[in-house]
Amino acid sequence: MNLVTRRLSLVTLLHSSLISLSTAEPLAKGIQDNSFFVEEAYNQEPGVVQHILNVPVFFADGAKEITPTFTQEWPVFSQTHQFSYTVPYTFAESDNGLEDIRLNYRLQALMEDERTPAFAPRFSLVTPTGDFSKGFGHDRLGYEINLPFSKIVSDRWTVHFNAGGSVFPDVNDRNLLNYNLGGSVIYAVSRDFNLMLEAVAFWEEDVADFAEILPASATTNKASATIDRTVTALLSPGARYAFNLPNNLQIVVGAAAPIGLTSDSPDWGLFFYLSIEHPFVRPHSGNGKD
């Protein structure tokens, strides 16, 4: 009887272990909303705020440009709606200054499940805060849309896809149109450490020699302005690591080494990432006490 009992106990233990493995969250869910160049389709959970600092450093023809950006993401009552803002600042070889600030609204249109990808379309107002005479903005209110999709395809693998564009009306009598595409593959080495491969491309328009055509005191003929079109593409391998601390505080650090793929792209670069995510409201204890 003892032998039979031990065998039954062993079978029960193995069965329970298999059930636990099949119902456990995939490793890919350990870090979900911390990409570098490709936007992920996961809104902030209720009561949780995220602070993000990106520091890209690009090198081209012997020149260096650093454009740190700070983003803060807030849920609006639920995960369905999210508000965020992005503040970029550029340090170039010849000048530096604030660029156009973006005010973003994102709708969690689809929640991810076994077959359905997450989908969270974003609409942004690009406010004219940058100094257009230095090339840091268009001096016009712009409108931007991005369509991000995200899907966990196995225990360790996640894929993301972006498509979007922006318009800046009446910039020196021209409407400027920009487009972007992006995709990435994320591999979860562990729940807290990911390897990443991202690819992005940007088709952008600008008014050629804008500062010369329309300086601050100018009354030149606007019809003389021409459109300058560029295509920038980057391939960026990288990695990120999450520190999960008490009180639901998560700190994610990351780095990447983007490589330019077109003549308009930087030759190469470095990318540094920091995210701090934490609750901004105390959860209810359930015992009637605050």
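Contact is taken to mean heavy atoms within 4.5 Å. The model is predicted, so that local features need a pLDDT of at least 70 and side-chain atom pairs count only at pLDDT 80 or more, whereas totals for chains, interfaces and linings use all residues. Residues are numbered from 1 along each chain as its sequence is written, and side-chain values use heavy atoms, with hydrogens and water left out.

The average pLDDT of the chain (the predictor's confidence in each residue, from 0 to 100) is 88, and 83% of the residues score at least 70.

Ser 184 is part of strand S11, which spans residues 174–188 (strands being DSSP runs of E, at least two residues, numbered from the N terminus). With a relative accessible area of 5%, Ser 184 is buried (under 20% relative accessible area, 1.4 Å probe, protein chains only). When neighbours within four places in sequence are set aside, Ser 184 is in contact with Val 38, Thr 158, Val 159, His 160, Leu 197 and Glu 198.

Technical notes:
Helices (H or I, at least four residues) and strands (E, at least two) are DSSP runs, numbered from the N terminus. Buried means under 20% relative accessible area, exposed over 50%, partly exposed in between (1.4 Å probe, protein chains only).
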